[in-house]
Amino acid sequence: MRVVQSKAIRRGISGMDAEPSRSQLATALMRVAAGDDAALRMVYQDTSAKLFGVCLRILNDKSEAEDVLQDVYVTVWRKAADFDPGRASPITWLVAIARNRAIDRLRSWAVTRRTEPIEAADAVSDPAPAAVERVELAQQQKRLARCLEQLEAQHSAAIRAAFLDGATYEELAQRMNVPLGTMKSWIRRGLLKLRACLEG
Amino acid sequence: MSANGTIDSPDDGNLIAAEYVLGVLSAAERREVERRLARERALASEVALWEERLTGLTDAVVPVAPPDAVWSRIERAIGTGPRAPSVWQSLTFWRSFAIASATLAAASIAALVYVGLVPGARVPLMATLSGSAGQPNFVASVTATGNTLVIVPAALLTNDPRAYELWLIPTGETRPRSLGLIQPGQPIRLDIPSDLAGRVTPDATLAVSLEPPGGSPTGLPTGPVVAAGKLTNM
C-alpha cells in the first residue's frame, strides 16, 4: 500500500517552510512543560508533518501512523519537562519519541507485515530549516552523508533501512537475502566506522 | 542475555545504544535496554549521542501533513489528562497538596503568604512551578508593585550540583529572560529588573532550569527544566 500522495507531500513541505529555529522550538517545549497548550499547538504545527512522515515510513499504514502521532504529542505534552536542551536538539528529541513509538507499534504486530524491499532513501529535497541554523545543520548533514559514503554500500544501505524502516536484524537479513550473522556484522561494523568518522 | 547474542556479548556491549537507536532490536530487547536506561546514565548519554548522530537520516523522509482530525484527537486527549493547568482552582489539589506535603510545602506557602517575606504587600500573582510528573516543586509570588518576586521550594528536589536558574517567559514572547539564580533549599527574594517588571503578568510563564555554576553562560536555558508554571491572579 502506497500511502504517500504527491499532494500531501507538497502540503507537507510547504508546511515546513516556517520551521522555527532550534531555540524557538526549545522555548516552546519549555512552555509546554508549564502546561501551555498554545505552545503545544505551535510545536505540532511546526513538526507534525516531519514526524508523521517518519511514522508513515516505519509503519506504512496511514491509520496506524495517525494513532502513533497522536500518542507522540500526548507524550510531548506530558514529558516536555524531560527535554534537556543541553543534551539534544528539540527536533532530535521529537524524532526519537516518534521513532520509538512507531517501532514499538511495529514490533507489537505479530509477524512482519511488510516483506517487500523498500528503497533506503526517497530522493526528495529537504524541508527548509530556519535561516539561523541552516549552515550548522547543513554541515551536520553533509558530514553524516560523507561518512555514510565511506562505508561499504551494503553496510550503509542496511543502516539507512534500519533507521528509516525500524526493521529488525532478522527482517533486514531476509530483505537483503543474507544470513542473520552477516547482517549483524554489516551493521555493527558500519556503526563503528560511522562513529569513528563522525568523531574524527 | 539474548539467545542471538544481540545484547551483552562483551564485544558488542558498546553498540547496544546504537542498536537501540537504529531500531534493529526485538521488542523484548528494547524493553531490556529501556530498563537499563532508567538507571545507567552512561548508557542514556550514549543513546542521546547516537540519536543526535543519526537523526539527520530522517531528512530523507518525505514530510506529510497529517489530517486535521489528529490534532482534534490530541486536544481531547490532553484535555482529560492529568496535567490540568488550572491547578490553583482545584480544591482536590489543595487537599492532596496539604496532606501529601504537609511539612515542607504547606509551611513554605504559609511562610510566603502570611508570615511576611513580602512585608505589607498584597500578593496579586502566584505560580506553582511543577515538575514533569505534575508535582509542585516551587511556589512563586509577585508583589503588587511587580518588582519583587519570592520563590519558595515546595518539594525536596534531588541534590543536583548544578545551579537553579529562574526564567520568565512573558506572555506572547518566545525568549526566556533570566530572573536570576535561586536555591532549591530555601526561599529567595529576587528583584525583578525594571525592564521586565511590566511583563510579569498573568499567563506569563516561570520556569526553573539546571545550569552550570554561576548560571547559564548563553543567556538562554541550557539545561533541563525541572519546574515550570504560569502566573495567575490569586
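The following dialogue examines how several descriptions of this predicted model follow from their definitions.

Tutor: Residues are numbered from 1 along each chain as its sequence is written, and chains are lettered from A, with ligands numbered from 1, in the order in which they are written. In this predicted model, local features need pLDDT of at least 70 and side-chain atom pairs count only at pLDDT 80 or more, while totals for chains, interfaces and linings use all residues.

Student: Why is Leu206(B) counted as buried?

Tutor: A residue is buried if 20 or more other C-beta atoms lie within 10 Å of its own, exposed if 12 or fewer, and partly exposed in between, with C-beta atoms placed from the backbone. Leu206(B) has 27 C-beta neighbours inside 10 Å, and therefore counts as buried. Leu206(B) belongs to strand S7 of chain B; strands (E, at least two residues) and helices (H or I, at least four) are DSSP runs, numbered from the N terminus.

Student: What does Leu206(B) touch, leaving aside residues up to four places away in sequence?

Tutor: Two residues are in contact if their C-beta atoms, placed from the backbone, lie within 7 Å. Among the residues that Leu206(B) touches are Ala127(B), Leu129(B), Trp167(B) and Ala228(B).

Student: How do you know that the end-to-end distance of helix H4 of chain A agrees with its length?

Tutor: The expected span of a helix is 1.5 Å times one less than its number of residues. For the 18 residues of H4(A), residues 62-79, this should give 26 Å; the end C-alpha atoms are 25 Å apart, so the two agree.

Student: Against what do the buried residues of H4(A) pack?

Tutor: They pack against helices H2 (22-33), H3 (37-59) and H5 (90-108) of chain A, together with H4 of chain B. Val72(A), Tyr73(A) and Trp77(A) are among these buried residues.

Student: What makes H4(A) oblique to H4(B)?

Tutor: Axes are lines fitted to C-alpha atoms, for helices over the stretch in contact, and angles run from 0 to 180 degrees between N-to-C directions. H4(A) and H4(B) pack at an angle of about 40°, with their axes 9 Å apart. Angles under 35 degrees count as roughly parallel, over 145 as roughly antiparallel, 65 to 115 as roughly perpendicular and the rest as oblique; the pair is therefore oblique.

Student: Which residues make this contact?

Tutor: H4(A) contributes Glu66(A), Leu69(A), Gln70(A), Tyr73(A), Val74(A) and Trp77(A), and H4(B) contributes Val70(B), Arg73(B), Ile74(B), Ala77(B) and Ile78(B).
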